[in-house]
Amino acid sequence: MEFNIFKDQLFERAKQEGFTDCEVYYSDGENISISVYEFELEKYNIDKYIGLSFRGLINGKMGYSYTEILDEEAIDMLVKKAKEGAVSIENTDVQFIYKGDESYSEVKTYSEKLENIDPAELIEIAIDLERQTKNYSDKVINLSGCKVSYSSSRSLISNTKNLNLSNKSNLLMAYVIPVIEDSNQKQDGMGYQLVEDIKDIDTKKIASDAVNEAFSKIGAKSIESGNYKTIINNEAMSSLLETFSDVFSAESAQRGMSLLKDKEGSNIASDIVTIVDNPLLDNGLSSTPFDDEGVATYKKDIVKDGKLITLLHNLKTAHKANTKTTGNGFKSSYSSVVSVDPTNFYIEKGNLTFEELVKHVNEGIIVTDFAGLHSGANSITGDFSLAAKGYYITNGEKSYPIEQITVAGNFFELIKDIENIGNDLKFPLSNIGSPSVVVKSLSIAGK
């Protein structure tokens, strides 16, 4: 059944059953994933999907249901399931169907140059990427991964308050993970690109980035335990910020799972730290003109010059806090309820190059990788103890690679101890980004 006909019939049936306000969230899309090994196609997946969720208010309670089929039977099922769900709700949280905003910003999330992409071209790119990687050095002994993927999606929100919104996005990505062997050591590296045009994929550069990263780790050794001035590079800091990003959610705070509860207006970080949530970033992985409640999104400072300005809100958490939503009400999928999530969330970049940061530190370490972020970090207390890799800094220069170290600290203390920020803001295949930062001191357990 055509979407608009289905929606209209669904709303009419819901009203007959006692629902006052109703809304549908619809999404469809396509994912193409291609992996190669030894210059042959290893995996080739094409996944097309559609999904629709329904939610509606009945007797002051919000009921939810969802389907992957749009027919008359689905209409009956959606209304029945939502009604049953609403009856069983015991909490008294106020829920909303949003009437919409006067205007919505334009944001670039879709490239027409990626339309009607030919899977055969993606296979050729993947094979060439493997070839370029192996040709770059005879010390490449294997590939842990060589993949090209394309995804496109469309989302629509429509409700009985005359809100009708739609947006579409797409993305093309290629990456390779080579394993090299040199001086009786094996190390890996990673190179990748996200592009708006298939012609922009540079397989030679992806390969060289990956292999050179692997070579830079050869000769790694541990260091003496102690406290070190530390550069956390952009990718490692992004992963750390992502691990603790939930502490900036008002939903977590209201559940008592964030130490930032009621801290708005307080200094929680170094006065050079500004943390931004920017859904209007061109081609950002989480860019969108509206959230999944139909609220217009906007760029906002979460932390400004070290001061916590606001937590991230959806309509429900904003009502509880007697404030306005920040436009961060999102679903993890069409079948999920609305939660609170960041969009493009990052530490604002500074003015110093990475080389200038290294000179500033003079003697200390660079952390490039954290391991065990899911098990070694407590997002509530902020404490972490993580295996790490990186480099030692001597006389203001990167000297030798280090490994077999454990970095321990507390996230809330760490962001207070940031004393310099680089200009190398990066989003490493994530909607969470960061530049490299210098931390006054971190506890390192080594040999």
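When I say salt bridge this morning, I mean a side-chain nitrogen of Lys or Arg that lies within 4 Å of a carboxyl oxygen of Asp or Glu. With that in hand, a search of the whole structure, which is a predicted model, finds 21 salt bridges.

Let me begin with Arg 154 and Asp 28, whose side chains meet in a salt bridge at 2.5 Å, N to O. Arg 154 sits in strand β4 and Asp 28 in strand β1, so this pair ties together parts of the chain that are 126 residues apart in sequence.

Lys 139 is partly exposed, with a relative accessible area of 31%.

Then we have Glu 235 and Lys 426, whose side chains meet in a salt bridge at 2.6 Å, N to O. Glu 235 lies in helix α5, residues 234-243, and Lys 426 in the loop between β18 (418-421) and β19 (432-433), so the two tie together parts that are 191 residues apart in sequence. Both partners are partly exposed, with relative accessible areas of 26% for Glu 235 and 29% for Lys 426. Beyond the pairs, there is also a network of salt bridges that links Arg 13, Glu 17, Asp 76 and Lys 83.

Now to the domains. The domain assignment of the chain gives domain 1 as 3-214 and domain 2 as 220-446, and their C-alpha centres lie 24 Å apart. How much area do domain 1 and domain 2 bury between them? The value is about 2,900 Å², with 62% of it on carbon and sulfur atoms. In terms of contacts, 38 residues of domain 1 touch 34 residues of domain 2.

Between the two domains we count 2 salt bridges, and 9 residue pairs in polar contact, both residues being at pLDDT 80 or more. On the side of domain 1 that touches domain 2, the elements giving two or more residues are β1 (22-37), β2 (40-58), β3 (61-67), β4 (140-159), β5 (164-182), β6 (185-188) and β7 (191-195). Of these, β5 gives the most, with 5 residues. By class, this side of domain 1 has 17 nonpolar, 14 polar and 7 charged residues.

Is Thr 310 buried or exposed? Thr 310 is buried, because its relative accessible area of 18% falls under the 20% cut-off. Leaving aside residues up to four places away in sequence, Thr 310 touches Glu 264, Asp 301, Ile 302 and Thr 326.

Terms used. Residues numbered from 1 in each chain as written. Predicted model: local features only at pLDDT ≥ 70, side-chain atom pairs only at ≥ 80, totals over all residues. Heavy atoms only, no water. Buried < 20%, exposed > 50% of the residue type's maximum accessible area, 1.4 Å probe, protein only. Contact = heavy atoms within 4.5 Å. Domains from an automatic or database assignment. Buried area = accessible area lost by both parts, 1.4 Å probe. Polar contact = N/O pair within 3.5 Å; in protein donor to acceptor, adjacent residues only side chain to side chain. Helix = DSSP H or I, 4+ residues; strand = E, 2+ residues; numbered from the N terminus. Nonpolar A, V, L, I, M, F, W, Y, C, P; charged D, E, K, R; others polar.
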